[in-house]
Amino acid sequence: MSLVNRLLVTGLPAVPKPIVRRVASRYVAGETLADAVRVVRSLNEQGAMGTIDVLGEEVKEREKAMAAVEEYLRVFDAIDRERLDSNVSIKLTLLGLKIDESFCRDNVERIVAKAGEYGNFVRIDMEDHTTTDATLRIYHDLFPRHGNLGVVLQSYMRRTLGDIAALPQQGASVRLCKGIYVEPRALAWKEYDSVRANFVVALEKLLDQGVYPAIATHDEYLVCRAVGLIDKHGLRRERYEFQMLLGVAEEMRRILIAAGHRLRVYVPYGRDWYPSSMRRLRENPEVARDVLRAMLAGPSGR
Ligand SMILES: Cc1cc2nc3c(=O)[nH]c(=O)nc-3n(C[C@H](O)[C@H](O)[C@H](O)COP(=O)(O)OP(=O)(O)OC[C@H]3O[C@@H](n4cnc5c(N)ncnc54)[C@H](O)[C@@H]3O)c2cc1C
């Protein structure tokens with residue numbers, strides 16, 4: 001990270017909440033389900049699919065985890081009612097993973113069962129390395145009963161090729177991303193090029209195993225490599241998808257859609273936007289620059 005970026009990131013805690021809110025508004029649909037519905041409808045009109053995420057993580061109280069489950073059930077009702085092309089993404093620490101693993105698994109199962117009633121799909125996001133084993137245990141436990149469940153693997157994790165080898169033989173769906181948490185070198189590739197290289201190796205392995213890949217990256221090099229592998233494997237467009245975050249790389253999103261690829265946008269919403277936005281600001285200097293721009297623009301936000 002450059003000195004300028006480091007200074008920006010260090011100064012973030014002092015950034016006034018309204019400024020964070022203004023920057024976050026580009027990356028978060030809003031505070032309510034109605035906001036998420038509005039954003040996904042607009043994405044659908046632009047030819048993109050959605051995956052809706054209820055913001056929140058690291059929940060310590062059962063009541064909060066259960067409230068999140070209820071919210072996800074409402075999300076599926078809304079997707080169906082509004083005829084949206086969208087599935088959902090869930091974070092296990094919002095659903096009680098740090099409270100009790102079997103409590104969390106039951107919560108996930110309620111959400112996946114509801115998705116199944118609507119013929120819809122649930123993707124389990126991958127969080128930091130302290131949760132990887134439990135996340136994969138819950139995925140492997142539920143998948144035989146709920147084929148409409150997918151998981152995420154991170155190319156910065158050294159274990160990922162082994163985790164791919166252990167995937168279910170039929171019907172697995174994996175979102176492959178670089179990984180967003182700060183992990184120790186003992187567990188994770190740290191160099192930019194190593195993470196990229198492992199992304200390509202992991203994607204090839206997913207394709208060789210017949211896994212449905214959701215290729216989640218805004219890195220043009222990786223998009224280019226992925227397009228090459230899709231061509232080499234002769235994949236039909238229903239056999240894979242690209243994924244991007246709301247508010248990021250919108251031009252590349254349009255280019256991929258115009259070229260005939262399917263693309264899904266991650267659409268987070270909820271009242272818990274502040275902690276997750278701060279995490280994103282800390283981890284991505286590009287976003288920290290947005291903060292600086294917003295501060296210089298002044299209170300009117302021009
Ligand atoms: C749909 C989706 C789901 C994800 N789910 C997970 C998950 O479950 N677990 C997990 O650990 N990580 C997840 N990630 C995050 C991912 O691991 C990376 O941290 C993130 O996508 C940046 O990596 P990149 O491949 O885009 O490459 P980078 O080299 O980091 O980014 C390439 C370019 O994209 C732009 N960019 C990338 N990210 C951002 C951003 N956040 N804000 C603004 N600009 C940005 C920048 O211009 C950058 O130069 C997800 C990403 C996507 C797209």
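## Aromatic pairs

How many aromatic pairs does a search of the whole structure find? The search finds 3 aromatic pairs. Keep in mind as you read that this is a predicted model.

A pair of aromatic rings is described by two things: the distance of the centres and the angle of the planes.

Another pair joins Trp273 and Tyr274, with 5.8 Å from centre to centre. Here the angle between the planes is 90°, and the pair is edge-to-face. What about the cover around these two residues? Trp273 has a relative accessibility of 7%, so it counts as buried, the cut-off being under 20%. Tyr274 comes out at 25%, and it therefore counts as partly exposed.

## Charges over rings

Arg62 places its charged end over the ring of Phe103, at 4.4 Å from the ring centre.

## Around the ligand

Now let us turn to the ligand. The shell around the ligand holds 25 residues, and the closest are Met126, Gly179, Tyr192, Thr217 and His218. Which atom of Met126 lies 2.8 Å from a nitrogen atom of the ligand? It is a backbone N or O atom of Met126. Thr217 uses its side chain: an N or O atom there is 2.6 Å from an oxygen atom of the ligand. His218 has a polar side-chain atom 2.8 Å from a ligand oxygen atom. On its own, the ligand would expose 910 Å², and the protein buries 84% of that area.

Where does the shell come from? The elements giving two or more residues to it are strand 4 (149-154), strand 5 (173-177), strand 7 (241-245) and helix 12 (285-297). Strand 7 supplies the largest share, with 3 residues. Sorted by class, the shell has 13 nonpolar, 6 polar and 6 charged residues.

## Residues in loops

Thr93 sits in the loop between strand 2 (86-90) and helix 5 (101-117). Is Thr93 buried or exposed? Its relative accessible area is 0%, so Thr93 is buried. The side chain of Thr93 makes a polar contact of 2.6 Å with the side chain of Glu127.

Ser25 belongs to the loop between helix 2 (17-24) and helix 3 (33-45). With a relative accessible area of 48%, Ser25 is partly exposed, because that value falls between the 20% and 50% cut-offs. Trp273, from the edge-to-face pair, is 248 residues from Ser25 in sequence, and their C-alpha atoms are 9.2 Å apart in space.

## A residue in helix 7

Finally, look at Asp163, which is found in helix 7 (residues 160-165). Asp163 has a relative accessibility of 12%, so it counts as buried. Along the chain, Asp163 and Ala202 are 39 residues apart, and their C-alpha atoms are separated by 10.0 Å.

Note on methods: Residues are numbered from 1 along each chain as its sequence is written. This is a predicted model: local features need pLDDT of at least 70, side-chain atom pairs count only at pLDDT 80 or more; totals for chains, interfaces and linings use all residues. Side-chain values use heavy atoms; hydrogens and water are left out. A residue is near a molecule or strand if one of its heavy atoms lies within 4 Å of it. A polar contact is a pair of N or O atoms within 3.5 Å; within protein, one must be able to donate a hydrogen and the other to accept it, and residues adjacent in sequence count only if both atoms are side-chain atoms. Accessible areas come from the Shrake-Rupley method with a 1.4 Å probe; for residues, only the protein chains shown count as cover. Helices (H or I, at least four residues) and strands (E, at least two) are DSSP runs, numbered from the N terminus. Ala, Val, Leu, Ile, Met, Phe, Trp, Tyr, Cys and Pro count as nonpolar, Asp, Glu, Lys and Arg as charged, and the others, Gly among them, as polar. Rings of Phe, Tyr and Trp (its six-membered ring) pair if their centres lie within 6.5 Å; planes under 30 degrees apart count as stacked, over 60 as edge-to-face and the rest as tilted. Buried means under 20% relative accessible area, exposed over 50%, partly exposed in between (1.4 Å probe, protein chains only). A charge sits over a ring if NZ of Lys or CZ of Arg is within 6 Å of the ring centre and within 35 degrees of the ring normal.
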